[in-house]
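Have the structure open beside you as you read.

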Amino acid sequence: GEGDKVSVTPEGEAFGKIYECKTWPASQFCNVEAYSPLNTDAACNGDVCWHQAWTYVGGCTGSYTPTATPTFDQSDIGGCP
């Protein structure tokens, strides 16, 4: 839904990409397969559809480091969501 973020690694690429679901009314398409950031079909007037529902936020590498006791200090987070 609106404001949700996803981290995906497209096939053949080594690094993840982070996308954020746009605000309403575009957010209604974030759960539709044709609008997935991984969908490469040119189904929207000869172009991919994802940019109508998602905003590219940036790239990432790695992942969160697991901990025995999770913390939620936003200033101490690194890696991909």
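F29 is partly exposed in this predicted model, with a relative accessible area of 30%. Its ring partner is Y35: the two ring centres lie 4.7 Å apart with planes at 25°, so the pair is stacked. Y35 itself has 14% relative accessibility and counts as buried, because the cut-off for buried is under 20%.

Y19 is buried at 4% relative accessibility, whereas Y56 is partly exposed at 41%. Together with W50, Y19 and Y56 form one aromatic cluster.

| Residue | Relative accessible area | Class |
|---|---|---|
| Y19 | 4% | buried |
| Y35 | 14% | buried |
| F29 | 30% | partly exposed |
| Y56 | 41% | partly exposed |

Which residues make up the largest nonpolar core? There are 11 of them: V8, Y19, C21, C30, Y35, C44, V48, C49, W50, A53 and W54. The elements that give two or more residues to this core are strand β2 (16-21) and helix α1 (50-53). In soluble globular proteins, nonpolar side chains tend to be buried together. Two of the tyrosines from the table, Y19 and Y35, belong to this core, and W50 of the aromatic cluster is a core member too.

V8 is another core residue worth a look. Leaving aside its neighbours within four places in sequence, V8 is in contact with F15, G16, K17, Y19, P37 and L38.

Stepping back to the whole chain, how many helices and strands does the secondary structure come to? Buried residues make up 27% of the 81 residues. Of the contacts between residues at least 6 apart in sequence, 43% join residues at least 24 apart. The accessible surface of the chain comes to about 5700 Å², with 51% of it belonging to carbon and sulfur atoms.

Definitions and conventions
Residues are numbered from 1 along each chain as its sequence is written. This is a predicted model: local features need pLDDT of at least 70, side-chain atom pairs count only at pLDDT 80 or more; totals for chains, interfaces and linings use all residues. Side-chain values use heavy atoms; hydrogens and water are left out. A nonpolar core is a set of buried Ala, Val, Leu, Ile, Met, Phe, Trp, Tyr and Cys residues joined through side-chain atoms within 4.5 Å. Buried means under 20% relative accessible area, exposed over 50%, partly exposed in between (1.4 Å probe, protein chains only). Helices (H or I, at least four residues) and strands (E, at least two) are DSSP runs, numbered from the N terminus. Contact means heavy atoms within 4.5 Å. Accessible areas come from the Shrake-Rupley method with a 1.4 Å probe; for residues, only the protein chains shown count as cover. Rings of Phe, Tyr and Trp (its six-membered ring) pair if their centres lie within 6.5 Å; planes under 30 degrees apart count as stacked, over 60 as edge-to-face and the rest as tilted.
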